[in-house]
Amino acid sequence: MPGLPATREEIRRAYSDAWAKARRGEDLPAGEQRIAEVIADHPEYQAVIESGEAALEAEYAPEAGHTNPYLHMGLHIAIREQVAIDRPPGVRGIFERLAAAKDAHEAEHTMIECLAETLWEAQRDNRQPDDAAYLGRLRRLVGENADDLG
């Protein structure tokens, strides 16, 4: 889509820019507001976001035990957007049930596991993510029959 960051550096810079604007109290467009909210929810990553050029160049190797803060926060944003538009259908209800039992942030963390697995499978198999498999994983989180996709 035109106007969206495309490279790793552009994505990371978008996080840094949105966070800097939010800290200055500037009004933010919706996309930057979502980024700033997720960063605010993750104080453990704020120093990374604020580290300037170092943040743009940092490597986060999972095999070395490093969590990529940008990937983690990006998955939070993806979950929030899915819930907002209820896509795939039913994701909002599942989120609401999880959030009622935990809190919204922990509900997102639980859902991120399902999303990450679905995205990993799609990448591994060089195909689009399987919404039915994803929704099935989510439904199992709340004890619903994964085959009941209606």
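In the predicted model described here, helix H5 supplies nine residues to the lining of the largest pocket, the largest share that comes from any element. The space in this pocket amounts to about 930 Å³, and 31 residues line the pocket, with Tyr15, Gly74, Ile77, Ala78 and Glu81 lying nearest its centre. Two or more lining residues are given by each of helix H1 (8–23), helix H2 (30–40), helix H5 (69–85), helix H7 (104–125) and helix H8 (131–141). When the lining of the largest pocket is divided by class, 17 residues are nonpolar, six are polar and eight are charged.

The second largest pocket holds about 150 Å³ of space, and its lining consists of Tyr60, Pro62, His66, Thr67, Asn68, Leu71, His72 and Leu75. Four of these lining residues are nonpolar and four are polar, while no charged residue takes part in the lining of the second largest pocket.

The axes of H2 and H5 lie 10 Å apart, and the two helices pack at an angle of about 120°, which makes H2 oblique to H5. The crossing of H2 and H5 is right-handed, and the contact is formed by Arg34, Ile35, Glu37, Val38 and Ile39 on the side of H2, together with Met73, His76, Ile77, Arg80 and Glu81 on the side of H5. By class, the contact of H2 with H5 comprises five nonpolar, one polar and four charged residues. Two of the residues named in this contact, Ile77 and Glu81, are also among those that lie nearest the centre of the largest pocket.

H5 also packs against H6, and here the axes come within 7 Å and cross at roughly 115°; H5 and H6 are therefore roughly perpendicular to each other. The crossing in which H5 passes H6 is left-handed, and the residues that make the contact are Gln82, Val83, Ala84 and Ile85 of H5 and Val91, Arg92 and Phe95 of H6. The contact of H5 with H6 is made up of five nonpolar residues, one polar residue and one charged residue.

Most residues other than glycine have a negative phi, and most peptide bonds are trans. Asp86, which lies in the loop between H5 and H6, has a phi near 50°, a positive value in a residue other than glycine. Pro88 is found in the loop between H5 and H6 as well, and the peptide bond that joins Arg87 and Pro88 is cis, with omega at about 5°.

The crossing of H6 and H7 is right-handed, and in the contact Val91, Phe95, Leu98 and Ala99 of H6 meet Ala104, Ala107, Glu108, Thr110 and Met111 of H7. By class, seven residues of the contact of H6 with H7 are nonpolar, one is polar and one is charged.

Terms used
Residues numbered from 1 in each chain as written. Predicted model: local features only at pLDDT ≥ 70, side-chain atom pairs only at ≥ 80, totals over all residues. Heavy atoms only, no water. 1 Å grid on protein atoms, 1.4 Å probe; cavity = no way out; pocket = protein on both sides within 12 Å on 5 of 7 lines; lining within 4 Å. Points joined across faces, edges and corners; volume = space filled by probe spheres on them. Helix = DSSP H or I, 4+ residues; strand = E, 2+ residues; numbered from the N terminus. Nonpolar A, V, L, I, M, F, W, Y, C, P; charged D, E, K, R; others polar. Left-handed = near helix turned anticlockwise from the far one by under 90°. Contact = heavy atoms within 4.5 Å. Axes fitted to C-alpha atoms, helices over the stretch in contact; angles between N-to-C directions. Parallel < 35°, antiparallel > 145°, perpendicular 65-115°, else oblique.
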